Amino acid sequence: MLNIKNLEATIDNKHILRGLNLDIKPGEVHAIMGPNGSGKSTLANVLSGKNGYEIKGDIKYNGESLSELSTEERAQKGIFLAFQYPLEIPGVNTNTFLRTSVNSIRKAQGEKELDALTFLKLIKEKASELGIDEKFLSRQLNVGFSGGEKKKNEILQMKLLQPKLSILDETDSGLDIDALRIVADGVNSYKNKNNAFLIITHYQRLLDYIKPDFVHVLSNGKIIKTGNSDLGVQLEKTGYLNIV
Amino acid sequence: MKTEDLKNNKDYKYGFTTDVENIRSPKGLSEETIKFISKIKKEPKWMLEWRLKAFNRLKVLKEPNWQKPKYPKINYQDLYYYSAPKSTSEKPKSLDEIDPKILETYKKLGIPLDEQKRLNGIAVDAVFDSVSVATTFKDELTKKGIIFCSISEAIQKHPDLVKKYLGTVIPLSDHYFATLNSAVFTDGSFVYIPPNTKCPMELSTYFRINASETGQFERTLIIADKGSYVSYLEGCTAPMRDENQLHAANVELVALDDAEIKYSTVQNWYPGDEKGVGGIYNFVTKRGACRGNNSKISWTQVETGSAITWKYPSCILQGDNSVGEFYSIAITNNFQKADTGTKMIHLGKNTKSKIISKGISAGNADNMYRGLVDIKNKAINSRNYTQCDSLLMGNKCGAHTIPYIKNNNASSTIEHEATTTKINEEQLYYCNQRGLDQEEAVSLIVNGFCKEVLQQLPMEFAVEAQKLVAISLEGSVG
């Protein structure tokens, strides 16, 4: 699904990714761990097509080069990023935003747009699966949401948009244990043999709930070690210093 | 909104002209022109005298020049003050008698004049250049004693009401453009709602400037008698021309005891091209008097058009416990300029006013909120709340807020909040990552920014206004 070869990324003259290689197949869950400043969030931004990066190397997504595609085209083709800091959009209610989003993607994929009623039914169903209160949907997007609510909202969006590749950028940071469990349940219930996950995290904590197939250690813009889920547990004990 | 729709609307879609034969007044501003207008409208003598009094007053007035947007000197002798389609020189009795070309024009503009269709349940008065061409739903309104007709007709048929109220909110000698209007106004709408009557439908006037070298000077007078309610909406468009055309309207509202007037404007005059050539000078005086106790006047405006918008819809809160509200969205793109806001004059006790202004500036445009809150010494226990938010798109546009605040008694309070923000790249990225393209994302964010004001519009127009907001800002984020 995703093949990254020799990826380099520079922003504001800072060379952040320095020859990163990664292959992700459908049905796999990959975790990326690493110290602060190792390039984890940059990788998420580069994959989703954020402006401002100078890119070298090659990223193929289902055989197609990503470099030619805009952020929205990537999203429309099934790449989803759960933001580390989800943005607030005052005056726009959550329900409206999500419907606009779902319909933009459906339209791009040649599917019929959902009318307000059908959508409302769908979103209520997804929200209740995640234990999200319906009132939440009529609030302004992320405005005044707690950290946990924002992250739950990201997972709700993931379940609605049904992406092929979901990138979770430190979704676990700032979550209490209940919220963490809800987020993890959301991921586990959505996971299947046709989609894949790239989970970026500092801590093993999230990986206690979502079992990764691979754990990669990112340091100084490169993956320096790859292992199975045991690697995460080991890192938690020994810290990055012993590996880096 | 669909991307295709946006693309189709790239240009000002109301920019067409209609080829109809016109009757025009002599060129230039003179006693002769005023007499011509008064005569063609078969006005009574008192009306002509009123006009001439205004004209004499005008001779000693000077155009105001304190506003921020400057404009080249207007040659008032080079304008036509009256232009009317020839076919309406006798006011048509029914829609069948209206020139089909004019009906076609309104069809193109999306304004239903055909009563049979009863599309929106909105009574429309359509003003084409200088004359009112059609007023719909008249019979239904007449049954309730509501008068909704052109001001020309009201001068002839309801002279007592017109005499009693015309010029009582905007006096003859008010200021240059208002006085000019008093001298040469050509048509506009007149509304009278009898006591204890709730007007059963939205009343609407649609203004269209068609002829070239023509100024539009309409005059609207709305009277809500005791305990009555009316919601009124005006819309405006004009063809694309490379000359600047002057639009100097006067709107007077009077609310008596316990009456409420809600006045909404969606202004989409031709804004000029991308280089700032052409467009309408929208120099309008709008003022409402809350004359009775417990009365309320609420202005809502969505200003997206015009080369220069210069207006301050105001409320004079004379009656005790009266309420004035002003909700505004002013969008300027390319080289458009806006200097707009409101005046809230508190005279009565326990009067309240609320001002919500949203200014959006893109391209090379300049957007100014200017507002006065004046609480006089007898207006005890009065309150004002003002919120002015500006949104900037790009690096070449400007936003300014100038509040004038006067409080003459200790029991009253005034609150003023102002924010200026730039459209946020991160917000756009977030929307893009959710599959929205740039135009959809901007439209969503901007509509969110304007929501408090859009909510004030009657439902039918809120949807239109939302689209208009998106179209006006098209291509403004690179």
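This is a predicted model: local features need pLDDT of at least 70, side-chain atom pairs count only at pLDDT 80 or more; totals for chains, interfaces and linings use all residues.
1. A residue counts as buried when its relative accessible area is under 20%.

2. Next, chain A as a whole. How many helices and strands are there in chain A? Chain A has seven helices and 12 strands. It holds 244 residues, and 52% of them are buried. Its accessible surface is about 11000 Å². Carbon and sulfur atoms account for 46% of that surface.

3. Contacts in chain A deserve a look too. Consider those with a separation of 6 or more. Of these, 69% join residues 24 or more positions apart.

4. Is helix α1 of chain A mostly covered or mostly uncovered? The helix spans residues 40–48, and eight of its nine residues are buried, so α1(A) is mostly covered. Among the buried residues are A:L43, A:A44, A:V46 and A:L47. A:K40, A:T42, A:N45 and A:S48 are buried as well. Just after this helix comes A:G49, with a positive phi of about 90°.

5. Keep phi in mind for the next two points. Most residues other than glycine have a negative phi. A:N62 is not a glycine, yet its phi is positive, at about 50°. Where is A:N62 placed? Find it in the loop between β4 (54–61) and β5 (64–65) of chain A. Its relative accessible area is 48%, so A:N62 is partly exposed.

6. B:N381 has a positive phi near 55°, and it is a residue other than glycine. The loop that holds B:N381 runs between β21 (366–375) and β22 (383–393) of chain B. Is B:N381 buried or partly exposed? At 42% relative accessibility, B:N381 is partly exposed.

7. Now for helix packing. Two packed helices are described by the angle between their axes and the distance between the axes. In chain A, take helix α5 (residues 147–161) and helix α6 (residues 177–190). Their axes lie 9 Å apart, at an angle of about 10°. Angles under 35 degrees count as roughly parallel. That is why α5(A) and α6(A) are roughly parallel to each other.

8. Which residues of α5(A) meet α6(A)? They are A:K152, A:I155, A:M158 and A:K159. From α6(A) come A:I182, A:V183, A:G186, A:V187, A:S189 and A:Y190. By class, this contact of α5(A) with α6(A) has six nonpolar, two polar and two charged residues.

9. Compare a pair in chain B. Helix α9 (residues 425–433) and helix α10 (residues 438–454) of chain B cross at roughly 120°, and their axes come within 9 Å. This angle makes α9(B) oblique to α10(B). The crossing of α9(B) and α10(B) is right-handed.

10. The contact residues of α9(B) are B:Q427, B:L428, B:C431 and B:N432. Those of α10(B) are B:Q438, B:A441, B:V442, B:L444 and B:I445. How do the residues of the contact of α9(B) with α10(B) divide by class? Six are nonpolar, three are polar and none is charged.

Definitions and conventions:
Residues are numbered from 1 along each chain as its sequence is written. Chains are lettered from A and ligands numbered from 1 in the order in which they are written. Side-chain values use heavy atoms; hydrogens and water are left out. Axes are lines fitted to C-alpha atoms, for helices over the stretch in contact, and angles run from 0 to 180 degrees between N-to-C directions. Helices (H or I, at least four residues) and strands (E, at least two) are DSSP runs, numbered from the N terminus. Angles under 35 degrees count as roughly parallel, over 145 as roughly antiparallel, 65 to 115 as roughly perpendicular and the rest as oblique. Contact means heavy atoms within 4.5 Å. Ala, Val, Leu, Ile, Met, Phe, Trp, Tyr, Cys and Pro count as nonpolar, Asp, Glu, Lys and Arg as charged, and the others, Gly among them, as polar. Buried means under 20% relative accessible area, exposed over 50%, partly exposed in between (1.4 Å probe, protein chains only). Accessible areas come from the Shrake-Rupley method with a 1.4 Å probe; for residues, only the protein chains shown count as cover. A crossing is left-handed if the near helix is turned anticlockwise from the far one by less than a right angle, and right-handed if clockwise.
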